[in-house]
Amino acid sequence: MALTEKQEVLVKESWEILKQNIPEYSIRLFLRIMEVAPQAKNMFSFLRDSDEIPQNNPKLQAHAVKVFKLTCESVIQLRECGAVAIAGSTMKHLGSVHLKIGVTDRQFDVVRDALLRTIEEAVGEKWSEEMEGAWGAGYDQLAAAILAEMKDDAAPTAN
């Protein structure tokens, strides 16, 4: 399902704001995730055995930026492509990694909420129910695509 024209405008408008400080918003996203689900820290090898404050961890910073950009850019492309437009090999990798570390449907919900709160904070007064709906719908499509890859990866192969 593609975004409507109005949803696309709202997403692109807010993405322009987010792009002004991707490193900051990326870390905020991950800190929100860990605030709601502290056990998420154990899913990241570079955080698991670290006593370092997460936002000071350079590996988390790099990972957060990569995840944040991929998520936001996949939502941006929905109207143009009509679906999540991530290269097949990247999508397979995402499914495999998420399956391996034991990500559940509920954890995708935690990330969704953290993403929406991060965007809301970034755009301030421009935030609206319509913008929330647009980003939520876009994220839901990305999460569904990753979950589908996880299920494919977990399915037994026929000999």
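This is a predicted model: local features need pLDDT of at least 70, side-chain atom pairs count only at pLDDT 80 or more; totals for chains, interfaces and linings use all residues.
Reader: What is phenylalanine 68 in contact with, leaving aside its neighbours within four places in sequence?

Author: With those neighbours left aside, phenylalanine 68 is in contact with Trp15, Leu18, Ile22, Tyr25, Ser26, Leu29, Leu115 and Thr118. Phe68 is one of the buried residues of H4, which also include Leu60, Ala64, Thr71, Cys72, Ser74, Val75 and Ile76.

Reader: How should I read the spacing of buried residues along a helix?

Author: The general idea is that an α-helix has 3.6 residues a turn, so residues three or four places apart point the same way. In H4, for the case at hand, Leu60, Ala64, Phe68 and Cys72 are among the buried residues. In H1, the buried residues are Gln7, Glu8, Leu10, Val11, Ser14, Trp15, Ile17 and Leu18.

Reader: What span should H4 have at 1.5 Å a residue?

Author: The expected span is 1.5 Å times one less than the number of residues, so for the 19 residues of H4 it should be 27 Å, and the end C-alpha atoms are 27 Å apart, which agrees. The 15 residues of H2 should span 21 Å, and the end C-alpha atoms of H2 are 21 Å apart, again in agreement. H1, with 14 residues, reaches 20 Å from its first C-alpha to its last, close to the 20 Å expected.

Reader: At what angle do H1 and H7 pack?

Author: H1 and H7 pack at an angle of about 75°, and their axes are 9 Å apart. Angles of 65 to 115 degrees count as roughly perpendicular, and H1 and H7 are therefore roughly perpendicular to each other. Ser14, Ile17 and Leu18 of H1 make this contact with Ile119, Ala122 and Val123 of H7. By class, the contact of H1 with H7 has five nonpolar residues, one polar residue and no charged residues.

Reader: Which residues of H2 are buried, and what do they pack against?

Author: In H2, Ile22, Tyr25, Ser26, Ile27, Leu29, Phe30, Ile33 and Met34 are buried. These buried residues pack against H1, helix H3 (45-48), H4 and H7. Serine 26, which lies in helix H2, has a relative accessible area of 0% and is therefore buried. Not counting residues up to four places away in sequence, serine 26 touches Ala64, Val65 and Phe68. The C-alpha atoms of serine 26 and glutamine 55 are 9.9 Å apart in space, although the two residues are 29 residues apart in sequence.

Reader: Is serine 74 buried or exposed?

Author: Burial is judged by relative accessible area, with under 20% counting as buried and over 50% as exposed. Serine 74, in helix H4, is buried, because its relative accessible area is 2%. Its C-alpha atom is separated by 7.7 Å from that of glycine 138, which is 64 residues away along the chain.

Reader: Where do glutamine 7, aspartate 140 and lysine 151 lie, and is each of them buried, partly exposed or exposed?

Author: Glutamine 7 lies in helix H1 and, at 19% relative accessibility, counts as buried. Leaving aside neighbours within four places in sequence, glutamine 7 is in contact with Gly133 and Ala134. Aspartate 140 is in helix H8 and is partly exposed, with a relative accessible area of 35%. Lysine 151 also lies in helix H8 and, at 56% relative accessibility, counts as exposed.

Definitions and conventions
Residues are numbered from 1 along each chain as its sequence is written. Side-chain values use heavy atoms; hydrogens and water are left out. Contact means heavy atoms within 4.5 Å. Axes are lines fitted to C-alpha atoms, for helices over the stretch in contact, and angles run from 0 to 180 degrees between N-to-C directions. Helices (H or I, at least four residues) and strands (E, at least two) are DSSP runs, numbered from the N terminus. Angles under 35 degrees count as roughly parallel, over 145 as roughly antiparallel, 65 to 115 as roughly perpendicular and the rest as oblique. Ala, Val, Leu, Ile, Met, Phe, Trp, Tyr, Cys and Pro count as nonpolar, Asp, Glu, Lys and Arg as charged, and the others, Gly among them, as polar. Buried means under 20% relative accessible area, exposed over 50%, partly exposed in between (1.4 Å probe, protein chains only).
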